[in-house]
Amino acid sequence: MSSTRIALGIEYDGSQYFGWQRQREVVCVQEVLERALSKVANHPVEVTCAGRTDAGVHATGQVVHFDCQFERAMPAWTMGVNSNLPDSVAVRWAREVPDTFNARFSATGRRYRYIIANQKMRPGILGRGLSHYHQPLDAERMHEAAQHLIGEHDFSAFRAAQCQSHSPNRCVTRIDVRRFGDFIVVDIAANAFLHHMVRNIVGSLLEVGKGEQSESWLATLLAGRDRTLAAATAKAEGLYLVQVDYPQEFDLPQLPPGPLWLPDC
């Protein structure tokens, strides 16, 4: 039986899930999405995602693909699936794609944002979507330090011990740190990321922002390739997968990266 390949853009609040990947005895984003898709498809559906986010990590730009045995109008994969999803997960767009498309392996780049509420008291609104740091942070110093990471490098200093990637080399194409009132946004794009790479980078940038380390410290860490010399891993709550890039031939929608309550940046 022939099948149709569908790509979806997915948004979710990761604070309610034990990460993306389906696991026994805990609820994960993949599980609830596949359950909703299977109802609309009228057969079991398995999805492949662009990036497997960890427990507590959010997404506004996750991309998945799956194969369906029966024809469905595109609104079935948006409104129909959303009606079967919990409020914390939503389909943003749907597009039929060729069989050559793979949400993971066709991706040419990924972009994350880490959001810090930098104020004395913890926020009561959006608290599960932010990391709170009460100490004053110098976003300009953090930005200067971050520029040492641009380019292709061995990122072993910012790699989780349990990372399964065959190579520690990654190419960071941009990294910006900007303040918007009480919010500090770390915006980083690369061809791909190692396990905990963004959170480990942010953890070390925080040491620079607090004045505990110099702007050149990240260059020293990068050259040393020793994870034990870098700072602790930043909290999961502030991290968002906001964008995945693909070749133009697939003609996938390009939506604002979000989170939606952020200024346009």
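In general, side chains of opposite charge can pair when their charged atoms come close.

Before looking further I noted that this is a predicted model, in which local features need pLDDT of at least 70 and side-chain atom pairs count only at pLDDT 80 or more, while totals for chains, interfaces and linings use all residues. I also noted that residues are numbered from 1 along each chain as its sequence is written, and that side-chain values use heavy atoms, with hydrogens and water left out.

**Entry 1: salt bridges**

I searched the whole structure for salt bridges and found 14. I looked up one of them, in which the side chains of Arg113 and Asp187 meet at 2.9 Å, N to O. This pair links distant parts of the chain, since Arg113 is in strand β5 and Asp187 is in strand β9 (residues 183–190), 74 residues apart. For the names I kept to DSSP runs, numbered from the N terminus, where helices are H or I with at least four residues and strands are E with at least two. I then checked exposure, taking buried as under 20% relative accessible area, exposed as over 50%, and partly exposed as in between (1.4 Å probe, protein chains only). Both Arg113 and Asp187 turned out to be buried.

Next I looked at Glu215, which forms a salt bridge with Arg141, with 3.2 Å between the closest N and O atoms. Glu215 lies in the loop between α4 (197–209) and α5 (217–224), and Arg141 lies in helix α3 (residues 139–146), so this pair ties together parts 74 residues apart in sequence. Glu215 has 29% relative accessibility and therefore counts as partly exposed.

A further salt bridge joins Glu207 to Lys210, whose closest N and O atoms are 3.1 Å apart. I recorded Glu207 as partly exposed at 22% relative accessibility, and Lys210 as partly exposed at 32%. I also noted one network, in which salt bridges that share partners join Arg111, Arg113, Arg174, Asp176 and Asp187.

I asked myself how many of the residues of strand β10 are buried. Six of the seven residues of β10 (residues 239–245) are buried, so the strand is largely enclosed by the rest of the structure. For pairing I required that DSSP find at least two bridges between two strands. Strand β3 (residues 58–68) runs parallel to β10 and is joined to it by two bridges, with His58 opposite Tyr240. Strand β5 (residues 109–117) pairs with β10 in the antiparallel sense over six bridges, and here Gly109 stands opposite Asp245.

**Entry 2: Tyr112**

I turned to Tyr112 in strand β5, where UniProt, in an unreviewed entry, places the feature "binding site". UniProt positions are given in the numbering used here, feature names are shortened, and annotations may be inferred rather than shown by experiment. Tyr112 is buried, with a relative accessible area of 10%. Counting contact as heavy atoms within 4.5 Å, and leaving aside neighbours within four places in sequence, I found Tyr112 in contact with residues including Asp187, Phe193, Leu239 and Tyr240.

**Entry 3: cysteines**

Finally I looked for disulfides, meaning pairs of cysteine sulfur atoms within 2.5 Å, and the structure holds zero. For Cys163 the nearest cysteine sulfur, that of Cys49, is 15 Å away.

Conventions
A salt bridge is a side-chain nitrogen of Lys or Arg within 4 Å of a carboxyl oxygen of Asp or Glu.
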